[in-house]
Amino acid sequence: MLNREDILKHIPHQGKSCLLDTCETWTDDTLTAHTSAHLRDDNPLRYQGRLGIIVGAEMAMQAAALHGALTGDQTAKTRGYLASLRDLVPASDRLDRPEYGFLRIVVQREQHDLAGMVYGFSVRSQHGATLLKGRGMVMFRARMPVNEAPA
């Protein structure tokens, strides 16, 4: 199990922008994390006093970044960016409901190569209700050879 301090060592999201509290387990293809960031008043993704359901996708993609770092995938060492979200199925309009308790985030790597990765994900309440599921694609920035400088 990894705590928040361990997670901060592995992903680029720092301070309040890191939305993961713990990582319960991981394998070569999956990772399970937990968070209570959706209940914090100082969550940087709150808008007009509420936290929309789409923030669950950000939590999931942070878990995907953590998975890439923990599995030692060399392609994950390259900075990436979220290129798309697909097949989103929300079961609520917002995440910041106290009755959800902590959130359980499960990501599963479906594909990866030198260009990027695709992860399926689900965000569930503490009691097991699925709040959001979908897929996210991360694309890696092309590395410039050391002996070439930008024009």
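Gly116 stands opposite Met139 in strand β6 of this predicted model, where local features need pLDDT of at least 70, side-chain atom pairs count only at pLDDT 80 or more, and totals for chains, interfaces and linings use all residues. Residues are numbered from 1 along each chain as its sequence is written, and side-chain values use heavy atoms, with hydrogens and water left out. Helices (H or I, at least four residues) and strands (E, at least two) are DSSP runs numbered from the N terminus, and two strands pair if DSSP finds at least two bridges between them.

**Pairing of β6**

- Strand β5, residues 116-124, pairs with β6 in the antiparallel sense over nine bridges.
- Strand β3 (residues 80-90) also runs antiparallel to β6 (residues 130-140), and eight bridges join the two.
- Pro90 has Leu132 of β6 opposite.

**The β5-β6 hairpin**

- Five residues lie between β5 and β6, which form a hairpin.
- In the turn, Gly128 has a positive phi of about 100°.

- Most residues other than glycine have a negative phi.
- Gln48, a residue other than glycine, has a positive phi near 50°.
- The loop between β2 (30-35) and α2 (55-70) holds Gln48.
- Gln48 counts as exposed because its relative accessibility is 70%; the classes are buried under 20% relative accessible area, exposed over 50% and partly exposed in between, with a 1.4 Å probe and protein chains only.
- Asp87, also a residue other than glycine, has a positive phi near 55°.
- Asp87 is placed in strand β3, the strand joined to β6 by eight bridges.
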